[in-house]
Amino acid sequence: MKIKIDFFSKNIIDAIGAGIYQVSIMNNGKEEVLYVGESVFVLVRCGAHFKTPEYFGFNDETINNENIILKFELLEAICNMADRKHKEKELIQKKKPILQSGISDRMKSVEEKVQALTAFLEGE
(Lines give C-alpha, C1' and ligand atoms only; values in the text may rest on other atoms or scores of the structure.)
Protein backbone atom coordinates (compact mmCIF):
# COMPACT_ATOMS: atom_id res chain seq x y z
CA MET A 1 0.00 0.00 0.00
CA LYS A 2 1.58 3.24 -1.17
CA ILE A 3 -1.33 5.66 -0.85
CA LYS A 4 -0.99 8.34 1.81
CA ILE A 5 -3.50 8.60 4.63
CA ASP A 6 -4.52 11.79 6.41
CA PHE A 7 -6.19 10.33 9.49
CA PHE A 8 -8.02 13.14 11.31
CA SER A 9 -4.94 15.37 11.25
CA LYS A 10 -6.96 18.45 12.25
CA ASN A 11 -9.13 16.94 14.98
CA ILE A 12 -8.01 13.49 16.11
CA ILE A 13 -8.95 14.12 19.75
CA ASP A 14 -12.54 15.06 18.83
CA ALA A 15 -12.77 11.96 16.62
CA ILE A 16 -12.42 9.72 19.67
CA GLY A 17 -16.10 10.31 20.48
CA ALA A 18 -19.39 10.17 18.62
CA GLY A 19 -20.02 12.00 15.39
CA ILE A 20 -20.24 12.10 11.64
CA TYR A 21 -17.16 11.65 9.49
CA GLN A 22 -16.22 11.92 5.86
CA VAL A 23 -13.65 10.03 3.82
CA SER A 24 -12.34 11.83 0.74
CA ILE A 25 -9.83 11.00 -1.92
CA MET A 26 -7.35 13.47 -3.33
CA ASN A 27 -5.38 12.81 -6.51
CA ASN A 28 -3.49 15.25 -8.74
CA GLY A 29 -5.27 18.32 -7.36
CA LYS A 30 -8.76 16.80 -7.53
CA GLU A 31 -10.81 15.85 -4.49
CA GLU A 32 -13.98 13.79 -4.18
CA VAL A 33 -16.03 12.55 -1.23
CA LEU A 34 -16.00 8.76 -1.09
CA TYR A 35 -18.04 8.07 2.00
CA VAL A 36 -19.98 9.74 4.83
CA GLY A 37 -20.59 7.74 8.00
CA GLU A 38 -21.46 8.00 11.65
CA SER A 39 -20.36 6.23 14.77
CA VAL A 40 -20.42 6.41 18.53
CA PHE A 41 -16.59 6.00 18.38
CA VAL A 42 -15.51 7.59 15.09
CA LEU A 43 -11.78 6.85 15.42
CA VAL A 44 -12.34 3.16 16.13
CA ARG A 45 -14.89 2.84 13.32
CA CYS A 46 -12.58 4.44 10.79
CA GLY A 47 -9.69 2.23 11.83
CA ALA A 48 -11.88 -0.77 10.99
CA HIS A 49 -12.27 0.53 7.42
CA PHE A 50 -8.66 -0.48 6.69
CA LYS A 51 -9.33 -4.22 6.82
CA THR A 52 -9.73 -4.56 3.05
CA PRO A 53 -8.73 -2.16 0.25
CA GLU A 54 -11.96 -2.98 -1.59
CA TYR A 55 -13.99 -1.23 1.12
CA PHE A 56 -13.07 2.09 -0.49
CA GLY A 57 -12.93 0.73 -4.04
CA PHE A 58 -9.19 0.13 -4.26
CA ASN A 59 -7.67 -2.71 -6.23
CA ASP A 60 -4.06 -3.97 -6.40
CA GLU A 61 -3.08 -1.23 -8.83
CA THR A 62 -4.81 1.78 -7.28
CA ILE A 63 -3.77 0.97 -3.70
CA ASN A 64 -0.15 1.43 -4.80
CA ASN A 65 -0.65 4.87 -6.39
CA GLU A 66 1.70 7.22 -4.50
CA ASN A 67 -0.25 10.30 -5.67
CA ILE A 68 -3.41 9.36 -3.78
CA ILE A 69 -4.28 10.77 -0.37
CA LEU A 70 -7.14 9.18 1.56
CA LYS A 71 -8.43 11.83 3.96
CA PHE A 72 -10.53 11.17 7.08
CA GLU A 73 -12.30 14.15 8.68
CA LEU A 74 -14.73 14.64 11.52
CA LEU A 75 -17.59 16.73 10.15
CA GLU A 76 -19.59 17.12 13.33
CA ALA A 77 -19.54 15.75 16.88
CA ILE A 78 -23.05 14.56 17.74
CA CYS A 79 -23.74 12.32 20.74
CA ASN A 80 -27.44 11.61 20.22
CA MET A 81 -27.82 8.60 17.91
CA ALA A 82 -31.09 9.72 16.29
CA ASP A 83 -29.65 13.16 15.55
CA ARG A 84 -26.45 11.58 14.21
CA LYS A 85 -28.32 9.20 11.88
CA HIS A 86 -30.55 12.02 10.59
CA LYS A 87 -27.59 14.33 9.91
CA GLU A 88 -25.63 11.50 8.26
CA LYS A 89 -28.45 10.82 5.78
CA GLU A 90 -28.81 14.55 5.12
CA LEU A 91 -25.08 14.86 4.35
CA ILE A 92 -25.13 11.78 2.11
CA GLN A 93 -27.91 13.36 0.05
CA LYS A 94 -26.05 16.69 -0.10
CA LYS A 95 -22.51 15.45 -0.80
CA LYS A 96 -23.38 12.41 -2.93
CA PRO A 97 -20.36 10.27 -1.98
CA ILE A 98 -19.23 8.20 -4.96
CA LEU A 99 -19.14 4.90 -3.03
CA GLN A 100 -22.62 5.15 -1.55
CA SER A 101 -25.80 4.17 -3.34
CA GLY A 102 -27.84 7.22 -2.30
CA ILE A 103 -30.34 4.94 -0.57
CA SER A 104 -30.04 5.76 3.11
CA ASP A 105 -26.43 5.08 4.14
CA ARG A 106 -25.91 1.99 1.96
CA MET A 107 -22.73 1.44 -0.01
CA LYS A 108 -22.49 0.25 -3.58
CA SER A 109 -21.35 -3.30 -4.39
CA VAL A 110 -17.59 -3.98 -4.42
CA GLU A 111 -17.56 -3.99 -8.22
CA GLU A 112 -19.41 -0.67 -8.38
CA LYS A 113 -17.05 0.88 -5.79
CA VAL A 114 -13.96 -0.22 -7.74
CA GLN A 115 -15.54 1.15 -10.93
CA ALA A 116 -16.44 4.50 -9.31
CA LEU A 117 -12.99 4.99 -7.80
CA THR A 118 -11.25 4.02 -11.03
CA ALA A 119 -13.42 6.46 -13.00
CA PHE A 120 -12.49 9.28 -10.58
CA LEU A 121 -8.79 8.44 -10.80
CA GLU A 122 -8.93 8.36 -14.60
CA GLY A 123 -10.70 11.72 -14.65
CA GLU A 124 -13.96 10.50 -16.14
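Strand β2 (residues 19-27) is joined to strand β4 (residues 68-76) by 8 bridges, and the two run antiparallel; strands here are DSSP runs of E of at least two residues, helices are runs of H or I of at least four residues, both numbered from the N terminus, and two strands count as paired if DSSP finds at least two bridges between them. This is a predicted model, in which local features need pLDDT of at least 70 and side-chain atom pairs count only at pLDDT 80 or more, while totals for chains, interfaces and linings use all residues. Residues are numbered from 1 along each chain as its sequence is written, and side-chain values use heavy atoms, with hydrogens and water left out.

Of the 9 residues in β2, 8 are buried, where buried means under 20% relative accessible area, with a 1.4 Å probe and protein chains only.

Taken together, 4 strands form an open sheet of mixed pairing in the order β1-β4-β2-β3. Because β1 (4-7) and β3 stand at the edges with a single partner strand each, one side of each is left without a neighbour in the sheet. Neighbouring strands of this sheet are turned by 20° against each other on average, with direction ignored. Helix α2 (residues 81-95) lies across β2, β3 and β4 and runs at about 160° to β3; axes are lines fitted to C-alpha atoms, for helices over the stretch in contact (heavy atoms within 4.5 Å), and angles run from 0 to 180 degrees between N-to-C directions.

Over the chain, there are 3 helices and 4 strands, which follow one another from the N terminus as β-β-β-α-β-α-α. The radius of gyration is 14 Å, close to the 14 Å that the globule rule gives for 124 residues, so the chain is as compact as a globular protein of that length; the radius is taken over C-alpha atoms, and the rule is 2.2 Å times the number of residues to the power 0.38. Among contacts between residues at least 6 apart in sequence, 67% join residues at least 24 apart.

Definitions and conventions
Buried < 20%, exposed > 50% of the residue type's maximum accessible area, 1.4 Å probe, protein only.
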